[in-house]
Amino acid sequence: MRLKSSIWVAAYLRRCQTEGIFGAVRRRGAEEAGAVFVKLALLDGNAMLYAPAPQAVYDDSRPIERVFAPSSSGPVAEQAVEDRLAKEVRFDPDAWIVEIEDRAGRHFLDLARV
């Protein structure tokens, strides 16, 4: 059983805040198991989107971990990220959207190994 999405999001935002990074929940999803998408705004008109990694990369012995995959190889225009998020929400109305802002591009997420 994986850690509830609401608890993971709260802990993630606290981690960002302790590092001096602004973060907020833009869209609250399903408390128990909603997919979490993280938008990293670089404050220059560009952003990165981190989506849940495929289930195959998860380790069942570590249920609190969430693994993410970047949706692009580098920063893209913020509007492109917003368009992708709109599609994700239409597909999965239980999804969470968390937005953080950091010019240096720090996100503190565990990324899937390719």
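Predicted model: local features only at pLDDT ≥ 70, side-chain atom pairs only at ≥ 80, totals over all residues.
Local features were taken at pLDDT of at least 70 and side-chain atom pairs at pLDDT 80 or more, while totals for chains, interfaces and linings use all residues. Residues are numbered from 1 along each chain as its sequence is written, and side-chain values rest on heavy atoms, without hydrogens and water.

Helices and strands are DSSP runs numbered from the N terminus (helices H or I, at least four residues; strands E, at least two). Helix α1 has 14 residues. From its first C-alpha to its last, α1 reaches 20 Å. This is close to the 20 Å expected at 1.5 Å a residue, where the expected span is 1.5 Å times one less than the number of residues. Gly20 follows α1 and has a positive phi, near 80°.

Burial was judged by relative accessible area (buried under 20%, exposed over 50%, partly exposed in between; 1.4 Å probe, protein chains only). In α1 the buried residues are Ser5, Ser6, Trp8, Val9, Tyr12, Leu13 and Cys16. They lie on the same side of α1, because they cover an arc of only 160° around the axis. The arc is that of the directions from the helix axis to the C-beta atoms. Arg14, Gln17 and Thr18 are exposed on the other side of α1.

Ser5 lies in helix α1. Ser5 counts as buried because its relative accessibility is 0%. Contacts were defined as heavy atoms within 4.5 Å. Leaving aside neighbours within four places in sequence, Ser5 is in contact with Ala30, Glu31, Glu32, Ala33, Gly34, Val36, Arg66 and Trp96.

In soluble globular proteins, nonpolar side chains tend to be buried together. A nonpolar core is here a set of buried Ala, Val, Leu, Ile, Met, Phe, Trp, Tyr and Cys residues joined through side-chain atoms within 4.5 Å. The largest such core has 17 residues. Tyr12, Val36, Val38, Val98 and Ile100 have the most contacts inside this core. At least two core residues come from each of α1 (5–18), β2 (36–41), β3 (46–52) and β6 (96–101). Helix α1 gives the most, with five residues. Val38 has contacts with Tyr12, Met48, Leu49, Tyr50, Phe68, Val98, Ile100 and Leu109, again leaving aside its neighbours within four places in sequence. Another core lies apart from the largest one. This other core has nine residues, among them Phe37, Val81, Leu85 and Ile97.

Aromatic pairs were also counted. Rings of Phe, Tyr and Trp (its six-membered ring) pair if their centres lie within 6.5 Å; planes under 30 degrees apart are stacked, over 60 edge-to-face, and the rest tilted. By this rule there are two aromatic pairs. Trp8 and Tyr12 form a stacked pair, at 5.0 Å centre to centre and 10° between the planes. These two residues are separated by about one helical turn, because they are four residues apart in helix α1. Trp8 and Tyr12 are both buried. Trp8 and Phe68 form a tilted pair, at 5.4 Å centre to centre and 35° between the planes. This pair links distant parts of the chain. Trp8 is in helix α1 and Phe68 in strand β4, 60 residues apart. With a relative accessible area of 10%, Trp8 is buried. Phe68 also counts as buried, at 2% relative accessibility.

Most residues other than glycine have a negative phi. Leu43 is not a glycine, yet its phi is positive, about 65°. Leu43 lies in the loop between β2 and β3. Leu43 counts as partly exposed, at 38% relative accessibility. Phe108 has a positive phi too, near 60°. This residue is found in the loop between β6 and β7 (110–111). With a relative accessible area of 25%, Phe108 is partly exposed.

Pro75 is found in the loop between β4 and β5 (76–77). The C-alpha atoms of Pro75 and Asn46 are separated by 5.8 Å, although these residues are 29 residues apart along the chain. Not counting residues up to four places away in sequence, Pro75 touches Leu42, Asn46, Ala47 and Met48.
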